[in-house]
Amino acid sequence: MPPVPKPPSAKKGPNRNVVIAIVVAAVVAVALIAGSVVLTRGGGSNDATPTTTGSDGSVAAPVALVSGIPQSGTTLGSPKTLTKMLAYEDLQCPYCKKFTDDALPAIIDEYVRPGLVKLDWRGLAFLGPDSTKALEIALAAGRQNKLWEVIGLFYEKQGTENSGWVTDQVVDDVLASVPGLDAAKVKADAKSPAVQKQIAAIQNEAKVNKVGGTPSFFIVKGVSQPYQLQVALTPEAFRPALNDALKG
Amino acid sequence: MSDRGLRIGQIVVSVAGVALAAYLTYVHYQPAALICTTGGGCETVQQSKYAVLAGIPVAVLGLAAWTGALVLAIWDSELARTLLLAIALIALAFAVYLVVLQLFVIDAVCTWCMINDLAITPIFVVLTLLRLRTAEARATD
């Protein structure tokens, strides 16, 4: 019997499973992306996200710098850390800004994040009304454990000394850039007796420590007396001083 | 390339995806451990509001997807291939979305995320499609 030729196979359509997979993928992908867009828009249900800021979803550098590091009032760093560096600063002082720009990021990354040193910001206001206004806001933010974000943002926006640069708009912008901060409460607390008392206490402490200008830095180990660091405002200058403090 | 070779490729790529997503999940909860070579872009992206979807870190979603892909690549069946295709296409679409977010919305680039979005995921998609074509060619023979 001669071989029967096979009929030409009909052109096959796409595999049913593949079609199902593509449809399922499209539905899930659209749901994921739409969910992300909707939930990250304005006051969506992702308010619990701890470190968001800005309408564009970006995080300001000063906020990112201290993100994830424990804060308590004016201190930044692990509560278990015994070695503390006091930083006496005025938010209008250009050298304080220089320290914040040039040395602070390295100090935070190398000493504070690993839990070796904690920082204590001792705000002063001797340059003028802008210093006082910014300091009150910063310390009030400290009552919500957000002081370090606020001072970083103030330095970022620092204007000419006593030019009136700490406007209400600048304050609003700074506070709006700190995720999880109750801005209304900060503004209310800024004029509170508690904050005014804190400012006076820091001024007295600065006198006791013979702080001659800003920025001034002191090391405190446990309950020992603070001693002053005389260093340039660079990471290279702070490293040996902090290493010595950790050894001693 | 044979189906076996493509499947091994999928397993290798999935392992890389699991490792990367596990690292990104870890640094989501331990930001101090983040190693970033692009001037803080990783931190910015990791801490943006887009890093969490409905309370679940995107890194965790990635870890779940890559773990699922690895299991399916090891489990060699027609159903597994179909599910792998679905996962690959979802991952590709979401990766494109994440790249757009980094470049145009967050305005910061996370190197680790980009490796996942622009290298690992597309390679996995290509391997999956090639494997599907191989299977279809085998079926028509």
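User: Into how many nonpolar, polar and charged residues does the lining of the largest pocket divide?

Analyst: Good place to start, and keep in mind that this is a predicted model. The largest pocket has a volume of about 610 Å³, and 32 residues line it. Sorted by class, these lining residues come out as 25 nonpolar, six polar and one charged.

User: Which helix gives the largest share of the lining of the largest pocket?

Analyst: Several helices take part, each supplying at least two residues: α1 (16-39) of chain A, and from chain B α1 (3-29), α2 (41-46), α3 (58-74), α4 (78-106) and α5 (111-140). Among the lining residues nearest the pocket's centre are Phe94(B) and Leu98(B). The largest share, ten residues, comes from α4(B).

User: Which two cysteines form a disulfide?

Analyst: A disulfide is a covalent bond between the sulfur atoms of two cysteines. The cut-off used here is a pair of sulfur atoms within 2.5 Å, and the count over all chains comes to one. In that pair the sulfur atoms are 2.4 Å apart, and the cysteines are Cys110(B) and Cys113(B).

User: Is the disulfide of Cys110(B) and Cys113(B) right-handed or left-handed?

Analyst: Both of these cysteines, Cys110(B) and Cys113(B), are buried. The torsion about their S-S bond is about 75 degrees, so the disulfide is right-handed.

User: Is Cys93(A) buried or exposed?

Analyst: The cut-off for buried is under 20% relative accessible area. Cys93(A) has a relative accessibility of 4%, so Cys93(A) counts as buried.

User: Which residues line the largest cavity?

Analyst: There is one cavity of 30 Å³ or more, and the largest has a volume of about 50 Å³. In chain A, α2 (61-66), α4 (104-112) and α6 (147-156) each give at least two residues to its lining. By class the lining holds seven nonpolar, two polar and no charged residues. They are Pro62(A), Leu65(A), Val66(A), Thr100(A), Leu104(A), Ile108(A), Trp148(A), Ile151(A) and Gly152(A).

User: Where is Pro215(A) placed?

Analyst: Most residues other than glycine have a negative phi, and most peptide bonds are trans. The bond from Thr214(A) to Pro215(A) is cis, with omega near -5 degrees. As for its place in chain A, Pro215(A) is in the loop between α9 (193-208) and β5 (216-221).

User: Is Ala54(B) buried or exposed?

Analyst: Ala54(B) is not a glycine, yet its phi is positive, at about 50 degrees. In chain B, Ala54(B) lies in the loop between β1 (52-53) and β2 (56-57). Exposed means over 50% relative accessible area. Ala54(B) has 53%, so Ala54(B) is exposed.

User: And what is the relative accessible area of Asn162(A)?

Analyst: Asn162(A) also has a positive phi, near 55 degrees. The residue sits in the loop between α6 and α7 (168-176) of chain A. Asn162(A) is partly exposed because its relative accessible area is 38%.

Notes: Residues are numbered from 1 along each chain as its sequence is written. Chains are lettered from A and ligands numbered from 1 in the order in which they are written. This is a predicted model: local features need pLDDT of at least 70, side-chain atom pairs count only at pLDDT 80 or more; totals for chains, interfaces and linings use all residues. Side-chain values use heavy atoms; hydrogens and water are left out. Buried means under 20% relative accessible area, exposed over 50%, partly exposed in between (1.4 Å probe, protein chains only). On a 1 Å grid over the protein atoms alone, a cavity is a set of points where a 1.4 Å probe fits but cannot get out, and a pocket is an open set with protein on both sides within 12 Å along at least five of seven lines; lining residues have an atom within 4 Å of a point. Grid points are joined across faces, edges and corners, and a volume is the space filled by probe spheres set on the points. Helices (H or I, at least four residues) and strands (E, at least two) are DSSP runs, numbered from the N terminus. Ala, Val, Leu, Ile, Met, Phe, Trp, Tyr, Cys and Pro count as nonpolar, Asp, Glu, Lys and Arg as charged, and the others, Gly among them, as polar.
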